[in-house]
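Thank you all for coming.

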Amino acid sequence: MIKVSVLYPNTPGTHFNHDYYRDQHMPLVQARMGGHLRYYTVDKGLSGGTPGAAPLYAAAGHLFCDSVDAFQTGFGPHTKEIMGDIPNYTDITPVIQISDVVVGHG
């Protein structure tokens, strides 16, 4: 299984609409990817590693798929629509990482 992490750096002067991201954007991604997306999670940054520190990331979305090919097959045809929705919830340029999920416990 792979995980596509979309991380939104917490930069002063930027905005992030967590409600829209959770309630509109991620369900859009799920609907477009269909069975190519096993599940997703959404993180809302609370703090950094030391007391009182701001979070490194305002938010993160994680897409779990069987393989990179499954992700590309599900996401690729809808890239323009999905990426075009970003201005509806943030002005932050996301950082993307694809990882191999080595261990996972439920």
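Let me begin with a question: which residue in strand 3 is the bridge partner of Ile 2? Before I answer, please keep in mind that what you see is a predicted model. The partner of Ile 2 in strand 3 is Cys 65, and this pair belongs to a pairing between strand 1 and strand 3 that is antiparallel and extends over 8 bridges.

Stepping back to the sheet as a whole, there are 4 strands, which form an open sheet in the order 2-3-1-4 with antiparallel pairing. At the edges we find strand 2, residues 39–44, and strand 4, residues 95–100, each of which pairs on one side only. From one strand to the next the twist averages 15°.

Among the partners, Val 42 is bridged to Gly 61 of strand 3, while Asp 43 has Ala 60 of strand 3 as its bridge partner. Helix 1 packs on this sheet, where it touches strand 1, strand 2 and strand 3, and the direction of helix 1 makes about 20° with that of strand 3.

Strand 3 is mostly covered, with 8 of its 9 residues buried. That brings me to the largest nonpolar core, which has 21 residues, and in which Tyr 8, Phe 16, Met 33, Leu 63, Cys 65 and Phe 71 have the most contacts. At least two residues of this core come from each of strand 1 (2–9), helix 1 (18–33), strand 3 (57–65) and helix 2 (68–75). To take Leu 63 as an example, and leaving aside its neighbours within four places in sequence, its contacts include Ile 2 and Val 4, Met 26, Val 29 and Met 33, and also Phe 71.

Finally, I would like to turn to a loop, the one between helix 3 (79–84) and strand 4, where Thr 90 has its place. Is Thr 90 buried or exposed? Its relative accessible area is 4%, which is under the 20% cut-off, and so Thr 90 counts as buried. Leaving aside neighbours within four places in sequence, Thr 90 is in contact with Tyr 8, His 15 and Phe 16. A polar atom of the Thr 90 side chain also lies 3.0 Å from the backbone nitrogen of Ile 92.

How values were computed
Residues numbered from 1 in each chain as written. Predicted model: local features only at pLDDT ≥ 70, side-chain atom pairs only at ≥ 80, totals over all residues. Heavy atoms only, no water. Core = buried A, V, L, I, M, F, W, Y, C linked by side-chain atoms within 4.5 Å. Buried < 20%, exposed > 50% of the residue type's maximum accessible area, 1.4 Å probe, protein only. Contact = heavy atoms within 4.5 Å. Pairing = 2+ DSSP bridges. Axes fitted to C-alpha atoms, helices over the stretch in contact; angles between N-to-C directions. Polar contact = N/O pair within 3.5 Å; in protein donor to acceptor, adjacent residues only side chain to side chain.
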